[in-house]
Amino acid sequence: MDAFTQHIGTAAPLRRSNVDTDQIIPAVYLKRVTRTGFEDGLFAAWRNDPEFVLNQPEYDGVSVLVAGPDFGTGSSREHAVWALLDYGFRVVVSARFGDIFRGNSGKAGLLAALVTEEVVEQLWATVEQDPGTKVTVDLEAKTISAGELSAPFEIDDYTRYRLLNGLDDVGITLSHEADISAYEATRLAFKPATLPAKA
Amino acid sequence: MGRTLSEKVWDAHVVRRADGEPDLLYIDLHLVHEVTSPQAFDGLRLANRPVRRPDLTIATEDHNVPTFDVDKPIADPVSRTQVDTLRKNAKEFGIRIHTLGDPDQGVVHVIGPQLGLTQPGMTVVCGDSHTSTHGAFGAIAFGIGTSEVEHVLATQTLMQARPKTMAVTVDGVLPDGVSAKDLVLALIAQVGTGGGQGYIVEYRGEAIRALSMEARMTICNMSIEWGAKAGMIAPDETTFEYLKDKPHAPQGADWEAAVEYWKSLATDADAAFDREVVIRAEDIAPFVTWGTNPGQGLPLSANVPSPDDFETETDKVAAERALEYMGLTAGTPLREIKVDTVFLGSCTNGRIEDLRAAAGVLAGRKVAEGTRMLVVPGSGRVRLQAEAEGLDAIFKDAGAEWRGAGCSMCLGMNPDTLAPGERSASTSNRNFEGRQGKGGRTHLVSPLVAAATAVTGTLAAPADLEPVDVVVPENV
């Protein structure tokens with residue numbers, strides 16, 4: 001994963017609440033066995049609507065998505081994060097995220113920035129008035145700024161640390177292999193196994 | 001001070017705790033399916049890493065498999081490739097797999113409990129948000145993304161921040177004809193789809209204690225629909241009775257030791273929850289959703305709401321959009337909504353008791369003209385059990401389609417989908433836009449309401465039906 005320190009780009013206002021991961025990418029697009037190529041499934045049902053924000057030419061090339069509350073609820077599909085990344089998004093801003101979506105974002109290198117509903121409203125107003133407004137998301141300082149607006153965002157410290165350093169979770173955990181083995185030696189004997197124990 | 005059920009189970013799985021880091025938690029059981037795992041196995045191959053504990057891992061194919069002609073190759077080549085990829089990965093990494101045609105193939109959250117692999121006090125994960133189902137046994141069970149699937153395969157652990165605790169206490173006795181599904185839909189309508197965010201929820205109280213294991217699974221299954229990290233129910237005699245003699249349940253002296261340990265997991269009398277919600281079971285009635293998220297529900301006796309009924313601007317806009325998508329007019333009685341398709345199945349309501357409940361309503365009755373009903377058992381074993389009890393004959397005689405096991409129309413990834421504009425009454429868990437097929441409209445219901453709706457062709461409860469004289473098979 002590439003390190004993420006600061007991102008500057010234009011933003012799209014998604015004036016919807018409860019955008020679940022089925023809306024972000026419907027199940028029929030989940031049949032691929034690769035980690036890339038999900039761009040065509042992003043918001044598939046809405047992309048046919050000429051009024052949809054991402055179909056407006058002034059929002060071409062956006063990399064920040066500003067969404068209503070409860071973004072990314074529902075299914076655990078990480079494909080939702082991959083589809084946003086494949087389309088070109090690097091940051092999603094909302095007042096509430098689905099837990100699993102927020103976790104998946106941190107793993108895959110998409111910044112899920114938690115702000116108040118007021119900040120979402122201000123960002124919507126700013127980028128609707130001038131779609132060319134550059135939005136700056138600074139992960140070091142945990143701030144988001146656009147035009148006159150500058151506001152803090154929340155992200156848990158550990159995800160921030162990993163994103164700033166571009167660290168791979170599995171590698172970090174395997175450095176604690178001795179702890180894992182020590183724990184395994186203490187597991188209760190009656191816990192079930194799916195396979196017979198190895199001889 | 002005492003500890004809650006979830007705190008006890010959490011603490012028993014901490015491999016490593018360090019300041020400023022999430023806990024490293026050990027995972028007792030990892031369930032794997034075809035849709036969220038291929039990229040995780042690729043990751044292992046790229047890094048040349050093995051699966052650390054194949055003996056704590058089990059795979060099945062459920063999301064993307066057909067429910068008919070299951071003895072033939074899968075017709076859709078992309079789906080076939082995904083299923084074949086899981087089979088190859090299971091073979092390469094030494095993981096047990098249950099494939100189409102095997103009695104233990106089926107919805108991943110149905111087969112874990114039916115095999116006795118889900119037990120109290122465990123940690124259970126799967127690349128599927130409805131993993132919360134397994135919390136019914138007093139396990140901490142939650143859904144994870146594909147990166148985390150890879151992490152668990154490689155390390156048998158996960159890094160997790162410790163959630164807050166919440167108690168949902170359901171006092172009293174559920175009225176006749178009201179099921180666990182109605183209860184959980186009513187709860188979500190009250191607390192909202194984000195109400196559980198950041199919490200592990202413990203469901204407790206008289207009405208919860210009175211539920212069967214399968215009904216408890218229905219409740220815990222829907223925990224994710226109100227945003228909770230996980231939902232749990234303390235293990236008790238009902239749990240032990242269900243588990244005893246399941247294929248992977250502890251045997252002999254191990255059973256005694258296990259039960260003693262499981263009994264110790266209950267929340268201590270002096271433990272405190274970060275938040276508490278209390279519900280009166282007597283207030284619950286058959287419940288259905290009218291909108292496009294599981295919190296947009298009302299008792300079946302109500303009318304379609306108006307956007308003006310909602311307080312916040314966000315809720316008003318959401319209601320307006322939902323009514324437009326659902327093709328509904330404010331003020332219409334819910335009972336007058338005509339349904340094209342009834343779907344009985346899924347990890348929420350695809351177990352044998354759900355099939356019995358629906359068959360009890362359909363015995364001696366017919367599915368309405370112009371309505372189709374799909375019955376999709378949660379697993380091959382549920383299907384065999386239903387056939388042994390004669391339930392398949394009741395469904396077929398009524399005019400319903402009797403299918404093979406899988407997720408099917410719950411998420412419309414296989415050929416079982418709604419056409420644009422088509423309306424369903426579905427015992428599944430999500431009424432999101434397009435969930436059951438592009439443009440499809442979903443009303444979430446209990447198995448009893450699903451069966452009654454199939455008979456009338458409009459949303460209905462069994463109490464709405466004319467009585468019939470029939471001899472109903474024993475368990476129904």
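Let me begin with Arg435 of chain B, which counts as buried because its relative accessibility is 5%, where buried means under 20% relative accessible area, exposed means over 50% and partly exposed lies in between, with a 1.4 Å probe and protein chains only. Please keep in mind that this is a predicted model, in which local features need pLDDT of at least 70 and side-chain atom pairs count only at pLDDT 80 or more, while totals for chains, interfaces and linings use all residues. Residues are numbered from 1 along each chain as its sequence is written, chains are lettered from A and ligands numbered from 1 in the order in which they are written, and side-chain values use heavy atoms, with hydrogens and water left out.

Where does Arg435(B) sit in chain B? Arg435(B) is found in the loop between strand 18 (423-426) and strand 19 (441-444), and here helices (H or I, at least four residues) and strands (E, at least two) are DSSP runs numbered from the N terminus. Setting aside neighbours within four places in sequence, Arg435(B) has contacts, meaning heavy atoms within 4.5 Å, with residues including Ser75(A), Arg77(A), His130(B) and Cys410(B). With the side chain of Asp22(A), the side chain of Arg435(B) makes a polar contact at 2.8 Å; a polar contact is a pair of N or O atoms within 3.5 Å, where, within protein, one must be able to donate a hydrogen and the other to accept it, and residues adjacent in sequence count only if both atoms are side-chain atoms.

Cys407(B) is in the loop between strand 17 (401-402) and strand 18 of chain B, and Cys407(B) counts as buried because its relative accessibility is 8%. Cys410(B), in the loop between strand 17 and strand 18 of chain B, is buried with a relative accessible area of 5%. Not counting residues up to four places away in sequence, Cys407(B) is in contact with Asp62(B), His63(B), Val107(B) and Phe343(B), whereas Cys410(B) touches residues including Phe343(B), Ser346(B) and Arg435(B).

How many cavities of 30 Å³ or more does a search of the whole structure find? The search finds seven, a cavity being, on a 1 Å grid over the protein atoms alone, a set of points where a 1.4 Å probe fits but cannot get out, with lining residues having an atom within 4 Å of a point. The largest cavity holds about 220 Å³ of space, where grid points are joined across faces, edges and corners, and a volume is the space filled by probe spheres set on the points. Of the 24 residues that line the largest cavity, His63(B), Asp128(B), His130(B), Leu411(B) and Arg435(B) lie nearest its centre. Helix 4 (108-114) and helix 12 (346-349) of chain B each supply at least two residues of this lining.

Notes
1 Å grid on protein atoms, 1.4 Å probe; cavity = no way out; pocket = protein on both sides within 12 Å on 5 of 7 lines; lining within 4 Å.
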